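Please report on the structure shown below. Cover the backbone, the fold and the contacts between parts.

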Amino acid sequence: MAVLITACDHGLEPPTDRGAGAIEGSVHYVGDWPPSDELQDLRFVAMRFIPQDTTDFFRLNDMEISVGLSSNVSDDVFSIALAQAGTYFYSGIAQKFDEDLLSWRPIGLYADNGGIFVVRSGETVSISITVDFDNLPVFPPR
Amino acid sequence: MKYLFLILSCLLFSAQSSAGQSVEGIITGEDGLGIPGVNILIEGTLIGAASDVDGRYLIEDAPAGTIVLRFSAIGFFDERRTIRLEDLARETVSVTLKEKILLADEVVVSASRREQPALSVPVSISVLSSDDLLRRNTIVLDDALRTVSGVHILGNQINIRGSSGFAYNTGSRVLLMLDGMPLLTPDSDGIPLEALPTTEIERVEVLKGPGSALYGSGALGGVINVVTRDLPDQPTTTIKTFGGLWDPVRHKVWRDGWKHGDEYRPFWGVSASHATRKSPGFGWWTSLTFRRDAGFTALSGRDVFHGFAKTSWRPRPSIKIESLVGIMARQRDNFLFWNSARDVLNPGRVSFGEDASAVDQSPNGAPDDFVRQISFLPVFTHFVNSKVFYEVRLRAFGTLVQPIDDDTQKRKDLSEGTLGARYGGEFQGNWIPNEDRRVVVGFSRDAITTKSSFFVTTDGDALGGQPEVAMFTHIEEQLSSTLQLVGGLRYDHYRIDASKTESRVSPKISLAYEWRPKNLIRVAWGHGFRVPSFAERFTDNREFLPIVRNLELKPERSQSFEVGIRGVSPFGSLGLVSWDASAFWNTYQRFIEPRLVPAEQAFQFVNLGDATIVGAESMLEWRTRSGDVQASVGYTYLSSEEADSGDELPFRPKHHIVSTLEVRLIGSLRAGADFRYTSEPDRVESDFARFVTDAGIMVDTKVLDLRLSAQKGPVKLAILINNALEYHYVDRPALLGEPRRFTFQATWTR
């Protein structure tokens, strides 16, 4: 009986490849930039979930992150060449304000369509974001 | 001159008074044939002999007076005879031994710190014999432990009845002992399964349920006692070689992800052992083993060497001195987690958004290291008289772990590794005032010193210690011919740092009622505890993952209650059946597990709330009278709950089944099979899955192992196929379980 049960089932299998697309976009900055010692890093981050607190920044499997962006500019562009296909619920520009690993906060969010966009396999999604340093988004989101 | 003659006469007379008595006889089986190798011992002394090839024995220098002779041999029931030996007398005592035909009749020592039949112990215990290990070509002990009912192995973390879960190898809730001595590494309290002389194991005892009342911290979930062989009467040399291949994994997408994915990866090993008795009072055995394994994934190869030596010396009939010395050296690629469930053969990488062009993107899920370990365990035994004996046991362990540089493959400086030592000793006094009562008292002291670049102690140093002292007592009272009461109490005291200590009292009590011969009902209750390991308390490092130390970490505690029944029954002409069934209820407080702590912005080992594990376990074993067929099946059911959330505990499978079938086909040709099933845990802890892709994926485990062996003269050959049906499972989070492998083994014994 044990042999029969096992022979029909081979256990773990590789999950279906979800495929990948690309994300590209532009960001426009408004207001005064923070001091340079509060600008440890600046990235575009796209999350396939809605974060509840800073520990969600460790959910690296569920987000895509661009390379570092320029600071003290009025406009910039970003791109992620290989973004896992799926629905992205919370995306924007994130600032690392301290040396600590979890010292990140959002400074501008993608707002169109309720902040949600979909990446399909082989396709590129274009989005634009505005960062207003005088009106930073609330985190965690309500 | 006449005075000299008188003195010499007195000396000669007195020498004859103590050395002129002897006992001889012949020991036969139920078939009337002589049994060689039977041990005959005069109880209360170390005077004895062994039977020769014809079953004959002779004990000289026996003391005059009333003596009790004990006859014992593996595979036979012990017999005792009481005789009165007059001065210069020569008595003949011949005995017929009855053969044991079931594992239930094995002798164990772990349940009460003394030898007793497994059938009569008032707690749950399983025994793996040396035959069980030999049949399965056991190289590392966890291979054989997976076949024990109630034991579930997650990575190399041993769970007995769900006690441990998966703790990232930082601490163990199961105490591993070698000949009754705790075998714990000084840094992580992990179980060093590879540092065991598997070729010289006599048996392995698995004590289920808390053992802290006897053995202290670390025995919260149970005890595994590895008992090494005694010295044989005839010199014995054994050489064993094995070699084999890992089968490539089933799925092409996995194989394509690694350049060696389509290859059959080799492993091989050789061991040699020799045992001899140079005189009736002195002997030794030694074993050396080397094995090399290329591994079935990228960066998982290893080379392991270990050597052991055991000496036994009896300078006087009432004194025995034994010592066990072991060394191990191991170099390995330490595959920690996969890249993803689509790329299981390559180690992954944890990154935190670094610029891909600026940072080395090689995997950091497979750190390499070189480990050296040494152990020294001397034991002194003195039989004061027939009712009192005591033992003094010393122990010393040392561990050195050096990381290996991935680029140069050279060992890094010691300052980047871990150096640890654990040393101490124990005194145990035994008093047997009469046949119905036994009393054990003892005390122990141990010290631990560890230095590691990962540990920061309270005073900021990388060097720390955690000394401990303990006192224990254990009493067995035979209330009637069928009712036995056992009680025990242990006090442990630990010094955590210069200003902080922890103390714990662990009681236990059990009752066993033999309602008919070889059928026992038992009830047991006890407390267990575990002091946090060095790694759990002091790890403070941000090089890999941010982990901060937790100086407020409290010891874990448990309370356990069990009721069980065990028995043996004839099965008509088909042989004998033995069974064991038990129900248990365990509560735990302050479980230590790693959690992401937002306030610390890092991971930290923390005390969780209360938890409960209830369950049941049953085992059925059948063997024909001829021994040609043996079969067993064991089932364990677990239900767990965290008190705060009502959730299941993570990594606790509900169902666990192990079964074995062994058949003699023709002549010495034997075939065997082991099957194990473990259901997928209802809950997998999520913090690890945040940053390791697909770490939350687990499946049922269904593994079938097959073997075929034959023996001719001194040579035994065996073929083994592990995971014969090529079932892929997850050994622990983000780690593929062992795929199918083929092994050929040859053993020569003389």
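## Backbone, burial and contacts

B:Asn723 is found in the loop between β43 (715-722) and β44 (730-732) of chain B. Helices (H or I, at least four residues) and strands (E, at least two) are DSSP runs, numbered from the N terminus. This is a predicted model, in which local features need pLDDT of at least 70, side-chain atom pairs count only at pLDDT 80 or more, and totals for chains, interfaces and linings use all residues. Residues are numbered from 1 along each chain as its sequence is written, while chains are lettered from A and ligands numbered from 1 in the order in which they are written.

Phi of B:Asn723 is near 55°, a positive value in a residue other than glycine. B:Arg161 also has a phi near 55°. That arginine is in the loop between β13 (157-160) and β14 (174-178) of chain B. Most residues other than glycine have a negative phi, and most peptide bonds are trans. In chain A, the peptide bond from A:Phe139 to A:Pro140 is cis, with omega near 0°. A:Pro140 is found in the segment after β9 (124-132) of chain A.

Burial is a neighbour count. A residue is buried if 20 or more other C-beta atoms lie within 10 Å of its own, exposed if 12 or fewer, and partly exposed in between, with C-beta atoms placed from the backbone.

| Residue | C-beta atoms within 10 Å | Class |
|---|---|---|
| B:Asn723 | 21 | buried |
| B:Arg161 | 28 | buried |
| B:Arg522 | 23 | buried |

B:Arg522 lies in strand β33 (residues 519-530) of chain B. What does B:Arg522 touch, not counting residues up to four places away in sequence? The partners are B:Pro122, B:Val123, B:Ser510, B:Leu511, B:Ala512 and B:Gly564. Touching means contact: C-beta atoms, placed from the backbone, lie within 7 Å.

Chain B has seven helices and 46 strands. Buried residues make up 42% of its 750 residues. Among its contacts between residues at least 6 apart in sequence, 60% join residues at least 24 apart.

The contact between the chains takes 28 residues from chain B and 27 residues from chain A. On the chain B side, α5 (252-256), α7 (687-691) and β42 (701-712) give two or more residues each. That side divides into 16 nonpolar, six polar and six charged residues. Here Ala, Val, Leu, Ile, Met, Phe, Trp, Tyr, Cys and Pro count as nonpolar, Asp, Glu, Lys and Arg as charged, and the others, Gly among them, as polar.

Conventions:
Contact = placed C-beta atoms within 7 Å.
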